[in-house]
Amino acid sequence: MVRTRFCDVFGVDHPIVQGGMQWVGKAELVSAVANAGALGFLTALTQPTPEDLAKEIARCREMTDKPFGVNLTILPSINPPPYAEYRDVIVESGVPVVETAGFNPAEHLPTFQGGGVKVLHKCTSVRHAVKAQDLGVDGISIDGFECAGHPGEDDIPGLVLIPAAADRISIPMVASGGFGDARGLVAALALGADGINMGTRFVATQEAPVHENVKLAMVEASERDTELIFRPLRNTARVASNTVSREVVSILDGGGEFEDVRELVAGNRGRTRVLEEGDTDGGIWSAGLVQGLIQDVPTVAELVSRIAGGADELINRRLAGLAG
Ligand SMILES: Cc1cc2nc3c(=O)[nH]c(=O)nc-3n(C[C@H](O)[C@H](O)[C@H](O)COP(=O)(O)O)c2cc1C
């Protein structure tokens, strides 16, 4: 099995990470990822209050005795959630690792590290990765333009972003955005990463707590079926292409403002109509280009063992056979 220094630093069997996912990163999925020997992250802000996050961590612990972490995403917001309180719950509950995203982690780093919580910082540019490394985080997740969610505004795909980051990063680093199978893991290792982070591929698993229609839509979708919304607002998000996301793009491209799309992009609309009720045209939901590589809805254990075992086989047979 492929094992890298990422496994040693973060205490997992496989160099495979399930990144934080709003409304999806709950105990059912995260415990399954942990039980499969990979590193899963509960999503802090999926829980309505810091107290609910503490309960979700406890619920996840009932479902696995393996390590797992919590994602804390800080994005521009009109009414910001109580980030410091979520942070304190993460530290007090004794989870071994946090995935920080969307912000410079400096403000929260002393509390996390003082509390013995390792920090895996996710970012979308080499300069932000270098900055986080200089601040003293324990690992980097470098997220390319292919990714679901927020790819940043630089638009650098993994084939260049990952080796460019590897040239500057000396701490463990996982590659993110567009990964879904063993070929991706081997490619990430070849490009200089120590493992992979996946979001979209983990949504299309049996344990992901979303409606079956969403998983089947991912199987049916091709690599062309995403939209980049909020581009003109410089807060780009990659989401599944559907009637709502196409309308949002058209309104904003036509000079509209956030107020004009507020109802369409409401997080609660995507959560209830799409993820819970299964109307895949009902609202906005995040999905990456890797949809084009998703052909089935396996269990998490099947997926992780397929990627880890497949990578081993690819390296030892196909690639070894090519070496002189
Ligand atoms: C449904 C969904 C929700 C997501 N929500 C978040 C989030 O709240 N915070 C975050 O840091 N990343 C979020 N992401 C991004 C993932 O953690 C991960 O970085 C990304 O999906 C990697 O690209 P991939 O989808 O090509 O694997 C989300 C992704 C998906 C698919």
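# A first look at this predicted model

Just after helix H13, Gly-278 takes a positive phi of about 85°. The protein chain has 14 helices and 10 strands. Its radius of gyration is 19 Å, close to the 20 Å that the globule rule gives for 324 residues, so the chain is as compact as a globular protein of that length.

**Helix H13**

- Helix H13 covers residues 267–276, and its buried residues are Gly-270, Arg-271, Arg-273, Val-274 and Leu-275.
- Helix H10 (212–220) is included in what covers those buried residues of H13.

- Along its principal axes, the C-alpha trace of the protein chain spans about 55 × 45 × 40 Å.
- Buried residues make up 49% of the 324 residues in the chain.
- Take the contacts with a separation of 6 or more: residues 24 or more positions apart account for 62% of them.
- The chain is divided into domain 1 (5–209 + 296–322) and domain 2 (226–286).
- Between the C-alpha centres of domain 1 and domain 2 there are 24 Å.
- Domain 1 gives 8 residues to the contact, and domain 2 gives 8 residues.
- On the side of domain 1 that touches domain 2, there are 5 nonpolar residues, 2 polar and 1 charged.

**Helix H8**

- Helix H8 (residues 182–190) has Gly-184, Leu-185, Val-186, Ala-187 and Ala-188 as its buried residues.
- Covering these buried residues of H8 are, among others, helix H7 (158–166), strands S7 and S8, and helix H14 (300–322).

- Strand S6 (residues 139–143) runs parallel to S7, and 4 bridges join them.

**Ala-44 in its loop**

- You will find Ala-44 in the loop between strand S2 (39–43) and helix H3 (50–63).
- Ala-44 has 28 other C-beta atoms within 10 Å, and 20 or more are enough to count as buried, so Ala-44 is buried.
- Leaving aside residues up to four places away in sequence, Ala-44 touches Leu-53, Val-70, Asn-71, Leu-72, Tyr-86 and Ile-90.
- From Ala-44 to Ile-57 there are 13 residues in sequence, and the two are 9.5 Å apart in space, C-alpha to C-alpha.

**Around the ligand**

- There are 29 residues around the ligand, and those that come nearest are Gly-19, Ala-101, Gly-199, Thr-200 and Gly-288.
- Two or more residues of this shell are given by each of strand S3 (69–73), strand S8 (196–198) and helix H9 (200–203).
- Helix H9 supplies the largest share of the shell, 3 residues.
- By type, the shell holds 10 nonpolar, 15 polar and 4 charged residues.

Definitions and conventions
Residues numbered from 1 in each chain as written. Predicted model: local features only at pLDDT ≥ 70, side-chain atom pairs only at ≥ 80, totals over all residues. Near = placed C-beta within 6 Å. Nonpolar A, V, L, I, M, F, W, Y, C, P; charged D, E, K, R; others polar. Buried ≥ 20, exposed ≤ 12 C-beta atoms within 10 Å, placed from the backbone. Contact = placed C-beta atoms within 7 Å. Domains from an automatic or database assignment. Rg over C-alpha atoms; globule rule 2.2 N^0.38 Å. Pairing = 2+ DSSP bridges.
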